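Student: Please walk me through this one. I will ask as I go.

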Amino acid sequence: MATNLYKYYEEMRAKGTILYFNGPVSQAMVEGLAGIMREKMRAEDAAMASVQRVFSILVEQMQNIVRYSSERSSHLSQGLGEMAHGQVVVGRESDGSFFVACGNKVRTEDVDRLAGQLELLRTMGRQDLKEYYRERRRRLPDADSKGAGLGFIEMARQSSRPMDFDFVPLDCDTSFFSMKVVAQ
């Protein structure tokens with residue numbers, strides 16, 4: 001195990017990883033990890049605009065894990081309630097831009113709907129995204145949405161390139177969702 005941890009350390013470092021988290025996620029953890037990331041970037045004298053974009057994308061991705069991960073565990077005896085499982089990675093690309101990636105299990109029945117939403121956003125330019133965001137804010141949330149349905153749009157607006165995503169089928173009921181957003 002100790003040898004493997006060193007291997008992971010070197011791999012993460014070589015890939016520009018700044019923060020890696022894998023495990024149960026609660027709303028309190030979203031706030032804590034986002035705060036840690038904000039302070040780390042400020043300490044490295046990252047531009048305030050970059051700090052805000054990475055913070056915004058990280059919070060959106062972690063909230064998606066909390067709301068939509070199909071892998072959950074109960075921590076009622078510790079007073080923590082139900083927690084969703086997922087992973088988040090924040091790092092730097094070779095050009096110096098920041099990226100935020102996440103992954104979690106989702107229901108396979110949701111894959112087509114999610115992929116359709118993300119493909120639509122990938123086709124939109126800045127002005128289209130701005131108008132679509134305004135339109136969606138005026139609408140009631142979709143019946144199957146646990147939020148306002150604006151998270152993907154907000155991440156697309158913060159992204160410097162089309163969001164990268166994929167789904168890996170795990171079994172008949174579950175797929176693994178991965179998404180990477182590079183901040184402007």
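**Charged pairs, core and strands**

Tutor: Start with Glu119, which is partly exposed at a relative accessible area of 40%. Buried means under 20% relative accessible area, exposed over 50%, and partly exposed in between, with a 1.4 Å probe and protein chains only. This is a predicted model, where local features need pLDDT of at least 70 and side-chain atom pairs count only at pLDDT 80 or more, while totals for chains, interfaces and linings use all residues. Residues are numbered from 1 along each chain as its sequence is written, and side-chain values use heavy atoms, leaving out hydrogens and water.

Student: Which side chain does Glu119 meet in a salt bridge?

Tutor: That of Arg122, at 3.9 Å from N to O. The criterion is a side-chain nitrogen of Lys or Arg within 4 Å of a carboxyl oxygen of Asp or Glu. Arg122 is partly exposed too, with a relative accessible area of 35%.

Student: Why are Glu119 and Arg122 about one helical turn apart?

Tutor: Because they are 3 residues apart in helix H4, residues 111–122. Helices (H or I, at least four residues) and strands (E, at least two) are DSSP runs, numbered from the N terminus.

Student: And what does Glu154 pair with?

Tutor: Glu154 and Arg157 form a salt bridge, again with 3.9 Å from N to O. They sit 3 residues apart in helix H6 (residues 151–158), so about one helical turn separates them. Glu154 is buried at 14% relative accessible area, whereas Arg157 is partly exposed at 28%. Elsewhere, salt bridges with shared partners link Arg107, Glu109, Asp110 and Arg113 into one network. Asp110 is buried at 14%, and Arg113 is partly exposed at 27%.

Student: How many salt bridges does the rule give?

Tutor: The count is 11.

Student: What about Glu60, does it have a partner or none?

Tutor: None: Glu60 is buried without a salt bridge, and the nearest side chain of opposite charge, Arg67, is 5.4 Å away. For charge, Lys and Arg count as positive and Asp and Glu as negative; His and the chain ends are not counted. Glu60 lies in helix H3, and beyond four places in sequence its contacts are Gly151, Glu154 and Met155. Contact means heavy atoms within 4.5 Å. Gln63 is also in H3, residues 48–68; it is buried at 17% and touches Gln27 and Val30, with residues up to four places away left out.

Student: Switching to the core. Which residues touch the most other members?

Tutor: Leu121 and Met179, out of 44 residues in the largest nonpolar core. H3 supplies the largest share of this core, 7 residues. Such a core is a set of buried Ala, Val, Leu, Ile, Met, Phe, Trp, Tyr and Cys residues joined through side-chain atoms within 4.5 Å.

Student: Where is Met179, and what does it touch?

Tutor: Met179 is in strand E6, residues 174–182, and is buried at 3%. Its contacts beyond four places in sequence include Val100, Cys102, Leu118, Phe152 and Met163.

Student: Which strand does E6 pair with?

Tutor: E4, antiparallel, over 9 bridges. Two strands pair if DSSP finds at least two bridges between them. Gly103 stands opposite Ser178 in E6. E4 (residues 98–107) has 8 of its 10 residues buried. E4 also pairs antiparallel with E3 (residues 81–92), over 6 bridges, and Gly91 has Phe99 in E4 as its bridge partner. E3 and E4 form a hairpin with 5 residues between them, where Gly96 in the turn has a positive phi of about 95°.

Student: Which non-glycine has a positive phi?

Tutor: Asp45 has one, at about 60°. Asp45 is in the loop between H2 (27–43) and H3, and is exposed at 69%.

Student: Last one: how many disulfides?

Tutor: The count is 0, with a disulfide defined as a pair of cysteine sulfur atoms within 2.5 Å. As for the cysteines, Cys102 is buried at 7% and Cys172 is exposed at 73%.
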